[in-house]
Amino acid sequence: MKFKKIMLVAFLLLAVLTVGAVSASEDIVSDDNLAVEDAPEDIIEESSVEEVITSDSDEEVVGVVADDFKVNVSEEVNLDDENAKIVEFYYPEGATGSVELILTSYDDFDYTTIIFSEYEVGDIINITTSSFDGLDPVKYNVELTYQPNDGADLTLKQTTIQFTKTLTKDDFTIVKYTSLFDSTDYVVNVWNYPATGVLFVYVNGEKRYNSTIADTDDDVYVRANQLKINSDGEYAILVKFKTDWGDEIELAKFNTTTNFNFWEDDDDHASINDVDVEYGDDFKGYNVVDFYSDNSEVTGLLKVFVGDSLKFSKQISASDYEYGSYSINVEAQNLDITKEGTYNIKVMLDDEILAQKTCTVSVSPKIDYPDTMAVGENEVLTVTAQAGKNGNAKLYENDDYGESSTFIGEFPIVNGYGSYSLSKLSKGDHGLRLALTFGSTTTYEYLNVYVGENTQGFKSSVTPASLTVGGNVNVVVTGPKTDANLYIYVDGKQIKSVNFINGQVNEVLSGLTVGSHRIKVLLDGENFYSNTVAVTVNPVPVKKDTTKLTVKKDTIKLTLKKVAVKKSAKKLILQATLKINGKAVKGKVIKFKFNKKTIKAKTNKKGVAKVTVKKAVLKKLKVGKKLTYTATYSKTTKKVTVKVKK
């Protein structure tokens, strides 16, 4: 208004001097915008804006200010919404330039967008999540700046925004250790955090550890002594993560057993273990005897007896200590142990008894259930035990700490088999507890099931519902295009993976055996879809069909990173990358073998699996010796050979 008054006075004075008395209200200035009307050219030239601004008046011209833009910044933005509002502002009268928005995350990685001056005065501009690629669910510093065509920049707003997102345990990389032999052993490792927050570890329901995750690249390794686990026994471990915006995610729930007296300062060690085999397994991979020695003078004939029968022997010589120590695991199948029972085991080195114990071998029921399903999907939980076993099963929903539970339902186990429908589970993550009772013995299994809601627009068909053995089953899925893999399962086993980028998949399944089969299709990710259909395969009268299920093999590419192996290092990280059909695959188990020790890890969403070799192992290596370490997935193995350095 001050500027308008100065302009009005100047125009009046000039008009009077030049042409005499002139009506100010009609010929010089309009009521609203003070525009000059029908004035002679010489008057307009003499009354320049510059002369008005540089007048001796103490009045000051005012341009656009920050408040004119009416900036509104969201305090919290959910990245699940592709069009969630981040910033809204008004483009005011007098604005001539552009507006720049800068988002700066915790690691100073900037995302920038510029709103140019093509916007008209009065426009309301919304900047949404669709304007950005790769935002993380972390806190960002926000700076909104007006950049006029002439003059200095004007800061409109400086604040912070908490970006959020729905997360599950599958977004993290977790390694669990179920057997510990030293209080410095790791219990759980967590890395590849998708967000910042706090990691909690509970032991037997008590919170024993927490760590603030301020950087998503943080790696957390939690040892037994950090959890106050200092004695032998079995401990229930619960790992949770709380995001900065308050969401809690259960990452892992498992039991770990400690045997701190196993590694003593003797030259040789042997332990005898009880074995619990899952029904259907062939007793391979279940260690009954573990032997270890780090003294190359400990040599001789290692013998394992079952009762009075010698079932296993191995000559140990000095050459076996090439890498400083020697260890061997004797599995149940090596001892001709193939069924439940108690066995008297004796371990000897030449004539010296190293260990002697009665070993209990049990066969646990096999529990099959979907870890991912849709609301209302026709999925079931099944229990398969040895033929002739009868019992009862009860299903509960656990609270976060497993201390209280809600009864869901029960079902009988008849002649070694029972099943229960999960179709009534609601949307979300479910921690389930299954109580299995056979006779007077009750055991518990803990299950985690995620129930999602199918994305609209998807359809699937599995036809025919009944066929004769040797016939084919057609699987057709259509829906919105997405660059993700559709997985096809038969009776819980994944048999195909097909990219859904074209919005349609047509697959033919052949070789299904006689009986009832459950065929499931699953598209997990931003566009979620899951459906299960039962198919019955009938026998051919008289003629027996021996057709086998034929499935196109996936193309597997496994790479193993070469690293320097140093005897003096505090730790060593081994890293492998897995791609199936050209795509990184999450959740696959990679077996690493280093110095005759096998460690398992799951791949993250980038297909990367990591394991840590501890200092205790590295210090036993011999400098200058060649060392070969390997990574294996399925039948594919990659190996790297390096020389051990100081």
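Which residue forms a salt bridge with Lys583, and how far apart are the closest N and O atoms?

1. Basis. This is a predicted model, in which local features need pLDDT of at least 70, side-chain atom pairs count only at pLDDT 80 or more, and totals for chains, interfaces and linings use all residues. Residues are numbered from 1 along each chain as its sequence is written, and side-chain values use heavy atoms, with hydrogens and water left out.

2. Lys583 and its partner. The partner is Asp483, with the closest N and O atoms 3.2 Å apart. A salt bridge here is a side-chain nitrogen of Lys or Arg within 4 Å of a carboxyl oxygen of Asp or Glu. Lys583 lies in strand E43 (residues 583-584) and Asp483 in the loop between strand E35 (473-478) and strand E36 (485-490), so the pair ties together parts that are 100 residues apart in sequence. Strands are DSSP runs of at least two residues, numbered from the N terminus. Lys583 is partly exposed at 31% relative accessible area, whereas Asp483 is exposed at 51%. Buried means under 20% relative accessible area, exposed over 50%, and partly exposed in between (1.4 Å probe, protein chains only).

3. Other salt bridges. The structure holds 14 salt bridges. One of them joins the side chains of Asp336 and Lys311 at 3.5 Å, N to O. Asp336 sits in the loop between strand E22 (326-331) and strand E23 (341-349) and Lys311 in strand E21 (residues 309-316), so this pair connects parts that are 25 residues apart in sequence. Lys427 and Glu453 also meet in a salt bridge, at 3.7 Å, N to O. Lys427 is in the loop between strand E30 (417-421) and strand E31 (428-438), and Glu453 is in the loop between strand E32 (441-452) and E33, 26 residues apart. Both Lys427 and Glu453 are exposed.

4. Backbone points to check by eye. A cis peptide bond joins Thr463 and Pro464, with omega about -5 degrees. Pro464 is in the loop between strand E33 (459-463) and strand E34 (466-468). Asn595, which is not a glycine, has a positive phi near 55 degrees; the residue is in the loop between strand E44 (589-594) and strand E45 (597-602). Asn595 counts as buried because its relative accessibility is 11%. Ser634 also has a positive phi, of about 55 degrees, without being a glycine, but Ser634 is exposed, at 56%.

5. Strand E46. Five of the seven residues in E46 (residues 608-614) are buried. E46 pairs with strand E42 (residues 571-580) in the antiparallel sense over seven bridges, where pairing requires at least two DSSP bridges between the strands. Lys614 in E46 is the bridge partner of Lys571.

Terms used
Helices (H or I, at least four residues) and strands (E, at least two) are DSSP runs, numbered from the N terminus.
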